[in-house]
Every structure is written in structure tokens, then in C-alpha cells.
Amino acid sequence: MQIIILLHKLKREKRAVSNVIVVVLSLILVVIIVSNIFLWSYEMNQYDWEKMRENLTITNVYILNETYSEWFPTQQEYQINIGSRQSGSYIDTQTVDGTWETFKEEAKPPNYRLDINGTFLVDLSSYSSIVTVEIQIRYRATNVFSEKFYLKAYNWSSGDYSNNGFNDTSGHTPTDDWSYYAVNFTDKWQDYMQEDGKLLIKLEDEGFDSHCTVVDIDFFAVRIVMSGIVFSFKNKGPLTAHVVSLWMVDSKFHKRYEVDIYIGAGENIIYVLGGVKFPEGEFIAKAVTERGNIAVYSPS
Ligand SMILES: [Ca+2]
Ligand SMILES: [Ca+2]
């Protein structure tokens with residue numbers, strides 16, 4: 001009798017223990033499932049919240065046929081191949097102001113000659129969509145109308161100074177008052193600029209004359225000419241917006257451009273999309289953010 005009672009008791013306790021185990025395991029399972037659902041919905045809510053709070057607008061889109069970089073003057077003294085320096089220094093040629101550097105022709109039988117060249121370094125890191133590179137000089141000379149002066153650049157592919165492919169190869173006649181002489185490399189600019197932005201540019205006289213000309217240079221520099229489609233963005237939201245693609249849509253084409261533009265909260269930025277086909281007539285521009293929002297602009 002006692003043995004039977006003991007067996008019953010043992011059985012009961014065993015069942016109780018296994019019940020406890022089942023309950024505990026179930027509880028753990030429930031906790032895992034609930035916490036996962038909670039985390040997942042929290043993440044979803046966070047994502048939705050961010051997507052909803054994003055507030056990016058395109059305030060303007062326009063075509064820029066021609067825009068310019070800053071000027072890059074030389075940062076070192078000119079090399080004089082023929083002639084001499086009379087006064088001033090290269091620093092006087094860095095800005096249009098009341099200071100200049102003076103060079104004088106040297107007798108090179110049977111003519112007076114001048115031949116100087118400068119090294120110019122363009123900072124390419126900030127610029128894209130290059131159309132061409134322009135050289136500009138502001139100078140004056142004595143014995144005006146006796147001869148022309150020429151701007152040439154070192155052609156890295158042919159290995160000599162030339163003006164092949166320049167928009168103007170006819171030279172320039174200086175006057176005794178300041179005047180500008182500007183040329184550009186057209187689409188041949190890559191022949192004249194090294195990949196690091198280095199250019200060697202020469203100013204030389206025409207050659208055949210008997211006057212000893214004195215030349216004052218007030219300004220001598222190069223700049224980049226660019227083109228593209230300009231997007232003005234305004235981020236009115238509290239979060240940084242990351243634009244991952246831009247769309248240009250007109251009656252003839254529907255084109256997507258991959259970009260990587262970050263616009264901080266409250267920031268306005270201008271972005272130049274270069275190397276693209278300009279829309280014809282009416283168009284719609286769109287910007288798609290990483291969070292999946294789309295800003296649309298149509299000029300009207
Ligand atoms: Ca001469
Ligand atoms: Ca100057």
C-alpha cells in the first residue's frame with residue numbers, strides 16, 4: 001500500500017516537473033517571437049518615420065551652356081626663353097590690379113624677340129563636365145601695331161608648343177593701353193592639359209620686326225569652361241537626404257543618371273550634372289532619394 005502511494009507521488013512530481021519545463025520553454029518561445037515582432041515593427045516604424053520626415057525639394061533646374069571655374073594664375077616665376085625681365089614678378093600677374101610684370105624683347109639677329117612661358121596648375125578635383133580650358137592675358141606693349149603676339153601651349157601628345165586646335169590662332173595685336181587676349185583649346189584641351197591639371201603656356205612675339213618691344217603683363221591665367229544641367233536642392237527635413245539618381249524626362253527621352261549627393265538637414269545645394277543631353281522644350285526633372293522619396297520639378 002505504501003509503495004503504491006509512493007509510486008503515485010513520484011509520477012505526480014514527474015508530471016509536475018515536465019509541466020514546468022513545457023511552460024518555461026513556451027514562455028521563452030513567446031518572448032523570442034514577441035521581441036522579434038517588436039524589433040521588426042520598431043525598425044519598420046523608424047524607416048517609415050524617416051521616409052515620412054524626409055522633405056527634399058528641387059527648387060530650380062536649368063541648362064548651363066557655359067560656366068567657369070575660378071582663375072588659376074601661375075604660382076612660380078615665368079621662364080624666359082628669349083628676352084629679359086625688367087621689373088615686377090609673377091605675383092603681379094595673378095590679379096587684374098594696378099601692378100604688373102615687365103618683359104623686354106632681346107635682339108636675336110636680325111630681329112627683336114620675346115618668348116616666355118609659365119607653368120599653370122588647375123585644381124581638377126572640384127570640376128567635372130569640362131568643355132574646354134581658356135587662357136586669358138591682360139597686357140600692353142610699346143611699338144604697338146608693329147607685330148602680333150601669340151599664346152601657345154605645350155601639347156603633351158605632340159611634344160611641342162603649338163596652337164593647333166585653338167579657337168583662334170590668328171594672334172593678337174597689343175595696344176599701349178591694357179587689352180585682353182583670350183583663347184581656348186576647344187575640344188583639344190586634353191592634348192594640352194596633363195591629368196594632374198598641369199599646363200605650360202607660352203607668350204611669344206610674331207618675330208619679324210626691328211623694334212625692341214617692352215611688354216607689361218597685368219594678368220595671365222587659365223580657367224575651366226564647363227557645361228551641364230544645374231539642379232538646386234533644398235532639404236527642409238530634419239535628416240540628411242541622400243540622392244541616388246536623377247531623371248530627365250522630355251517628349252523624346254526618359255533618362256536616369258546615377259548620382260551620389262548628400263544634402264544635410266536645412267541645406268541648399270547646387271549640383272551640376274555634366275556630360276548629359278540637354279532636354280528639348282518642356283521637361284520634368286526628378287530626384288530619387290535612398291529612402292525612396294521622389295522630388296519632382298517642372299519649369300512653368
Ligand atoms: Ca619682335
Ligand atoms: Ca596685376
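Start by selecting F220: with a relative accessibility of 0%, F220 counts as buried (buried is under 20% relative accessible area, exposed over 50% and partly exposed in between, using a 1.4 Å probe and protein chains only). Before you move on, note that this is a predicted model, in which local features need pLDDT of at least 70, side-chain atom pairs count only at pLDDT 80 or more, and totals for chains, interfaces and linings use all residues. Residues are numbered from 1 along each chain as its sequence is written, chains are lettered from A and ligands numbered from 1 in the order in which they are written, and side-chain values use heavy atoms, with hydrogens and water left out.

**Aromatic rings**

The structure contains 12 aromatic pairs (rings of Phe, Tyr and Trp, the last by its six-membered ring, with centres within 6.5 Å; planes under 30 degrees apart are stacked, over 60 edge-to-face, the rest tilted).

Next, pick F231 and F233. Their rings are stacked, with 6.0 Å between centres and 10 degrees between planes. F231 is buried at 0% relative accessibility, and F233 is buried at 1%.

Now go back to F220 and show F103 and F120 as well: ring pairs join Y78, F103, F120 and F220 into a cluster.

Two charged side chains are worth a look here. R140 lies over the face of W100, 4.4 Å from the ring centre (NZ of Lys or CZ of Arg must be within 6 Å of the centre and within 35 degrees of the ring normal). For a lysine, select K202, whose charged end sits over the ring of Y161 at 4.3 Å from its centre.

**Calcium ion, ligand 2**

Which protein atoms surround this ion? Its donors are D92 (O), T95 (O), D97 (OD), T99 (O), D218 (O) and D218 (OD), at 2.2 to 2.4 Å (donors are N, O and S atoms within 2.8 Å of the metal, or 3.2 Å for Na, K and Ca; water is not among the atoms, so sites may look incomplete). The 6 donor atoms subtend angles of 72 to 161 degrees, so the arrangement is irregular (tetrahedral: four donors, all angles between 85 and 135 degrees; square planar for four and octahedral for six: opposite donors over 155 degrees apart, all others between 65 and 115; anything else is irregular).

Along the chain, the donors follow the spacing D-x2-T-x1-D-x1-T-x118-D. D97, in the loop between β4 (84-87) and β5 (101-104), and D218, in strand β14, are 121 residues apart and link distant parts of the chain. Colour the two by accessibility: D97 is partly exposed at 35%, whereas D218 is buried at 0%.

**Calcium ion, ligand 1**

Here the donors are E105 (OE), Y112 (O), E147 (OE), E147 (OE), D205 (OD) and D209 (OD), at 2.2 to 2.7 Å. This site is irregular, with angles of 49 to 157 degrees among its 6 donor atoms. The donor residues are spaced E-x6-Y-x34-E-x57-D-x3-D. E105, in the loop between β5 and β6 (106-108), and D209, in the loop between β13 and β14, link distant parts of the chain, 104 residues apart. Are these two buried or exposed? E105 is buried at 4%, and D209 is buried at 6%.

**Nonpolar cores**

The largest nonpolar core has 32 residues, and L199 and F220 have the most contacts inside it (a core is a set of buried Ala, Val, Leu, Ile, Met, Phe, Trp, Tyr and Cys residues joined through side-chain atoms within 4.5 Å). Elements that each supply at least two of its residues include β8 (115-121), β9 (130-141) and α2 (189-192). Strand β14 gives the most, with 6 residues.

Centre on L199. Leaving out residues up to four places away in sequence, L199 touches G118, T119, F120, V122, V133, F185, Y192, M193 and V222 (contact is heavy atoms within 4.5 Å). A second, separate core has 22 residues, V243, I263, A295 and Y297 among them.

**Last stop: I224**

I224 is in strand β14 and is buried at 0% relative accessibility. Beyond its neighbours within four places, I224 is in contact with T67, Y68, S69, V122, L124, Y127, I130 and T132.

Definitions and conventions: Helix = DSSP H or I, 4+ residues; strand = E, 2+ residues; numbered from the N terminus.
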